[in-house]
4 protein chains.
Amino acid sequence: MTKTVLLKRLQEEMDRPPFNRWLAPDVISVDEPGQRVDLSLAFRQDFSHHPHEPYFHGGIVAAFADAAGHAAVAVFYSKQAPTITLQVDFLAPALGRKLSATGILRKLGRSISRADVELECDGKLVALARATFSTKD
Amino acid sequence: MTKTVLLKRLQEEMDRPPFNRWLAPDVISVDEPGQRVDLSLAFRQDFSHHPHEPYFHGGIVAAFADAAGHAAVAVFYSKQAPTITLQVDFLAPALGRKLSATGILRKLGRSISRADVELECDGKLVALARATFSTKD
Amino acid sequence: MTKTVLLKRLQEEMDRPPFNRWLAPDVISVDEPGQRVDLSLAFRQDFSHHPHEPYFHGGIVAAFADAAGHAAVAVFYSKQAPTITLQVDFLAPALGRKLSATGILRKLGRSISRADVELECDGKLVALARATFSTKD
Amino acid sequence: MTKTVLLKRLQEEMDRPPFNRWLAPDVISVDEPGQRVDLSLAFRQDFSHHPHEPYFHGGIVAAFADAAGHAAVAVFYSKQAPTITLQVDFLAPALGRKLSATGILRKLGRSISRADVELECDGKLVALARATFSTKD
């Protein structure tokens, strides 16, 4: 698959669940040999922790981390991969107008797969996440 | 504080972040001696994992779990308590029109507090969550 | 199976791995309908965090939590159930001469099972753990 | 501090708790600018999951992961840093005679610090861990 086709396919899969259509993350790039996917999320007022500052709420950070982990798995596994466990470690307030997530596939197993996610807000590391997905045939 | 006043205060705090206003969870009851809070979330199409079935997306389950953990801490700690770590274990698909969360305070510490959250969808246990919050003075 | 037989079987399974023989936890009781198992671990100098005080090291607390989670699964599942994920939240220093663990089965699934573990030292809650096990046929 | 002095200091700190003396991990190298520490653990029968094969038990993997996370923090923080949360994701059986751990400092905060740990057995990735430590002044 070419990179463009892969990107398009990932974006389409991402956009299938109505919740993801509401969240509206963008698939920015796919590094197939490096097993990495980059996603981006533009700030909207509904995402905010704070009434007047651009400050991504922890719930949005967690949901976006889950999406990025899924995307890293989806490059190599074309079926549904339900999340089994999602762990999010918050390092700093996600202040800014752009949240970026890098999903990194750590293991694609016959029944269980793992992905790491690193989240930056306006270039600053704000959270680390790790997720386990069911990838049994 | 009477139960009614406490419920009202919790609901007001919950509704402060714009994201929570979008999510719109309801504080159902507060059991102060038992250190438990019950919240409820009515299904909306934006929450869905599936285009045609009422199926709460994992990202919504995670965000709601975080809110319920916060609520359990907020009964006993009146300042902001940023989430440090959020762990969500998904047990079953959250199929149904009503997601209920029970937040249980496990420790209120001088710098770190913990809460457990149990999530049911239409009466079935669908997820367990545990969160660590910063409660330093 | 009678309680005595079940206790004996659990203790035998527990004692199979050489590491567990070194650790030497005792199966105290099994509550089959409540899906709970109680284990106990007597302090030894090799377990200690501190040279002169009885203070169970975090590594011992984690290893004992894993054993208690396994025991809760083993009552209902007779095959090997490798740990997929172990999460330990430390609440207080484990000071004392006796560490008790209650393993609680939360879900016995066709491929994934979950157990919660509560750990007390001399009667004080010192840690909470949650583990995911592989229980596929 | 020179690398040799730093290595020696870390090894001494590591060897202080009686449990670590029993476990006996070796500090192999310290990469101060990269905020990484490499540790090694030689197989012993007491560590084993299996009576006849060299197979590091999950409890040993978890305890060693905690030690490696601590070491990564200890390079930059000279006081005690109690573990708050330890999460271990097991990827493959730890079969072999040498378990290696790389501890990577992800954040040194004023009250909370984080480290990632990657564990390999005879060159194969067998587990990923992440830990939160208390580093308040």
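Which residues are linked with A:Arg106 in a network of salt bridges? The network joins A:Arg106, A:Asp116, A:Arg130 and D:Glu118. A salt bridge here is a side-chain nitrogen of Lys or Arg within 4 Å of a carboxyl oxygen of Asp or Glu.

## Basis of the description

This is a predicted model, in which local features need pLDDT of at least 70 and side-chain atom pairs count only at pLDDT 80 or more, while totals for chains, interfaces and linings use all residues. Residues are numbered from 1 along each chain as its sequence is written, chains are lettered from A and ligands numbered from 1 in the order in which they are written, and side-chain values use heavy atoms, with hydrogens and water left out.

## Interface of chains A and C

Eight residues from chain A and eight residues from chain C make up the contact (heavy atoms within 4.5 Å). The buried area between the two chains is about 580 Å², with carbon and sulfur atoms giving 44%; this area is the accessible area (1.4 Å probe) that two parts lose on being put together, summed over both. On the side of chain A, the residues that lose the most area to chain C are A:Ile84, A:Thr85 and A:Arg114, together 50% of what that side buries.

Between chain A and chain C there are zero salt bridges, but six residue pairs are in polar contact, both residues at pLDDT 80 or more. A polar contact is a pair of N or O atoms within 3.5 Å; within protein, one must be able to donate a hydrogen and the other to accept it, and residues adjacent in sequence count only if both atoms are side-chain atoms. Strand E4 (83-90) and strand E7 (112-121) of chain A each give two or more residues to the side that touches chain C, and the largest share, three residues, comes from E4(A). Strands are DSSP runs (E, at least two residues) and helices likewise (H or I, at least four), numbered from the N terminus.

## Salt bridges

Over all chains, the structure holds 24 salt bridges. One of them pairs C:Arg114 with B:Asp89, the closest N and O atoms being 2.7 Å apart. C:Arg114 lies in strand E7 (residues 112-121) of chain C and B:Asp89 in strand E4 (residues 83-90) of chain B, so this pair joins two chains. Both C:Arg114 and B:Asp89 are buried (under 20% relative accessible area, with exposed over 50% and partly exposed in between; 1.4 Å probe, protein chains only).

Within helix H1 (residues 3-14) of chain A, A:Lys8 and A:Glu12 are four residues apart, about one helical turn, and their side chains form a salt bridge (3.6 Å, N to O). A:Lys8 is exposed at 57% relative accessibility, whereas A:Glu12 is partly exposed at 45%.
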